[in-house]
Amino acid sequence: MPTTTTAVPRGLAGVVVTDTALGDVRGREGFYHYRQYSAVELAQTRGFEDVWHLMFHGELPDAAARADFTARTAALRHLPREVTDALPGIAAAGAASGPLAGLRTALSLLGAAQGFRPVYDLDADRRREDALAACAAVPTLLTALYRLGQGLDPVEPRDDLSYAANYLYMMTGSEPAPDRVRAIERYLISTVDHGFNASTFTARVVASTGADMAASLVAAVGALSGPLHGGAPSRALDTLDAIGSPDRIDAWVRERVLAGDRIMGFGHPVYRTEDPRSRMLRGIAEDIGGPLVAFAVEVERQVEAILAELKPGRELHTNVEFYAGVVMELCGVPREMFTPTFCAARVVGWSANILEQAEDSKIIRPAAHYAGPPAPQPVPAS
């Protein structure tokens, strides 16, 4: 019996593919949430471990649950020997590609070393344990690969530091200042999850096959590595460098817009108003202050005015990448670690989506419209 197919927009734009209890993005309102709580409010009032607990367990922890969850996840930061021994080779092989490329290999090895099994064969508790192990290990893997790529020794994780503080500590080798920790923590919370973006959808497609946690996360990392997805924070900061000074903003932007070029850090496929993440990160940047922040704010003002003039009727504002790059630069995160830092947060959202998808036994199997020459054609004689 023939299969019924339905034509949908390119890129599945606006197509609802499943139900989720994890959160939602309301683009016309400039609002998004995690399990009913405003993500921006969570970033302003809670720690990263609280939000991680919310995504995995469906509720914000009380003081006792927070302490237990924090201790459990901190203990999982330490890598198996099989993985640590392999990291120098992975870093050397990917020297030109950076830590995110190395993470794909390292996560696969971690899954094998930890004995991850297909989610199809596991109960919910075992899946969650695998997810916790993977999420806790990702900052350790990323920072070790970064430092090895710089010719430095990896820094062992500390169980007494928060997720954000430990991440910065393993990256730099020094205990970070509390205000910088809080700035990065708020950024991490704001990027934990964001609807069915490309990497989240990819993770769920792989999870729908019943594959193991590492396989699903490796696929998500691959999607995130694309410059149209997670590669934008450093590119947005490169835009500020290319402009150079306030007197060059108008001419530089007009030339790019009239040439049809994209201004990195502006525009979003979902939001038709200001990106709430950008608004929050601008506030963080302004609290820190300095010439870079003042320049970024002026670039934002002029770019939005020029875009409104040259592209009337379109709502084009800064997206999360624009001020994310500024905040990370101010907090001492090297540019090659901008997207990996995004990954260190989003791995929690990916994992929560994998856990949710694993509850559904239906494999994701869409159709494609064939647009080639008519078939069948006779096979030419050899």
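1. In strand E3, serine 38 is the bridge partner of histidine 33. Strand E2 covers residues 31–34 and is joined to E3 by two bridges, the two strands running antiparallel; strands here are DSSP runs of type E with at least two residues, helices are runs of H or I with at least four residues, and both are numbered from the N terminus. Two strands are taken to pair if DSSP finds at least two bridges between them.

2. The open sheet to which these strands belong has three strands in the order E1-E2-E3, with antiparallel pairing. Strand E1 (23–26) and strand E3 (37–38) are at the edges and have a single partner strand each, so one side of each is left without a neighbour in the sheet.

3. A word on the basis of this note: the model is predicted, local features need pLDDT of at least 70, side-chain atom pairs count only at pLDDT 80 or more, and totals for chains, interfaces and linings use all residues. Residues are numbered from 1 along each chain as its sequence is written, while side-chain values use heavy atoms, with hydrogens and water left out.

4. Histidine 53 belongs to helix H2, which covers residues 48–57. Its relative accessibility is 8%, and histidine 53 therefore counts as buried, where buried means under 20% relative accessible area, exposed means over 50%, and partly exposed is in between (1.4 Å probe, protein chains only). When neighbours within four places in sequence are left aside, histidine 53 is in contact (heavy atoms within 4.5 Å) with Gly58, Glu59, Leu60, Pro61, Ala65 and Phe69.

5. In the whole structure, 21 salt bridges are found, a salt bridge being a side-chain nitrogen of Lys or Arg within 4 Å of a carboxyl oxygen of Asp or Glu. One of them joins glutamate 356 to arginine 204, with the closest N and O atoms 2.7 Å apart. Because glutamate 356 lies in helix H16 (residues 338–358) and arginine 204 in helix H9 (residues 198–208), the pair ties together parts that are 152 residues apart in sequence. Arginine 204 is buried, at 2% relative accessibility.

6. Another salt bridge is formed by the side chains of arginine 282 and glutamate 300, at 2.8 Å from N to O. This pair links distant parts of the chain, 18 residues apart, with arginine 282 in helix H13 (residues 276–288) and glutamate 300 in helix H14 (residues 291–310). Arginine 282 counts as buried at a relative accessible area of 17%, and glutamate 300 is likewise buried, at 6%.

7. Within helix H12 (residues 249–258), aspartate 250 and arginine 254 are four residues apart, so about one helical turn separates them. Their side chains meet in a salt bridge of 2.9 Å, N to O. Aspartate 250 is partly exposed at 32% relative accessibility, and arginine 254 is also partly exposed, with a relative accessible area of 24%.

8. Salt bridges also link Asp238, Asp241, Glu329 and Arg335 in a network.

9. Threonine 191 is found in the loop between helix H8 (178–190) and H9, and with a relative accessible area of 1% threonine 191 is buried. Its side chain reaches the backbone oxygen of tyrosine 187 at 3.1 Å. Not counting residues up to four places away in sequence, threonine 191 touches Tyr34, Val320, Phe342, Ala345 and Arg346.

Notes
A polar contact is a pair of N or O atoms within 3.5 Å; within protein, one must be able to donate a hydrogen and the other to accept it, and residues adjacent in sequence count only if both atoms are side-chain atoms.
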